[in-house]
Amino acid sequence: MIEKKYSAFSNLFSNKKTNLNKIYNNSENYLTTYSRIGLYNILKMNCKLNQIIYLPNFICRDILSPINALKIRYIYYDVDQNLKPIINNKVNCNFLLIVNYFGIAPSKHIFEDYILSKNCI
């Protein structure tokens, strides 16, 4: 039963090497070695002059590197002691950075209304 359930993934765990060029060439998917490089690419492709990103105040300083390199203004939102975001609906932004602390994703309901009302990415 287990073998059947996961047989679609068997080629990933075989002795054969996975050819990433075959998977990602002619695709809209990009691989980056660091999240800050991925963030830089996303912002560079979508950002215009005088735009703002809204990000949590509990953030790795390396994430600020691509934001500063592109001269994007940023505003922090608070997170509580359980790392739950506290969003201020009065803040206007073009981009919203959502962080999964320790692999635990915050509830999407916290962000849905804000994203829709501000029309941000």
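1. Residues are numbered from 1 along each chain as its sequence is written, and side-chain values use heavy atoms, with hydrogens and water left out. Because the model is predicted, local features need pLDDT of at least 70 and side-chain atom pairs count only at pLDDT 80 or more, whereas totals for chains, interfaces and linings use all residues.

2. Helix α3 (residues 35-46) packs against helix α4 (residues 61-69) at an angle of about 25 degrees, the axes lying 9 Å apart; axes are lines fitted to C-alpha atoms over the stretch in contact, and angles run from 0 to 180 degrees between N-to-C directions. The two helices, α3 and α4, are therefore roughly parallel (angles under 35 degrees).

3. The contact (heavy atoms within 4.5 Å) involves Ser35, Arg36, Leu39, Tyr40 and Leu43 from α3, and Asp62, Ile63, Pro66, Ile67 and Ala69 from α4.

4. Lining the largest pocket are Ser35, Gly38, Leu39, Ile42, Leu43, Ile53, Ile63, Phe95, Leu96, Leu97 and Ile121, where a lining residue has an atom within 4 Å of a point on a 1 Å grid, and a pocket is an open set of points, reached by a 1.4 Å probe, with protein on both sides within 12 Å along at least five of seven lines. Helix α3 gives the most to this lining, with 5 residues.

Conventions: Helix = DSSP H or I, 4+ residues; strand = E, 2+ residues; numbered from the N terminus. Parallel < 35°, antiparallel > 145°, perpendicular 65-115°, else oblique.
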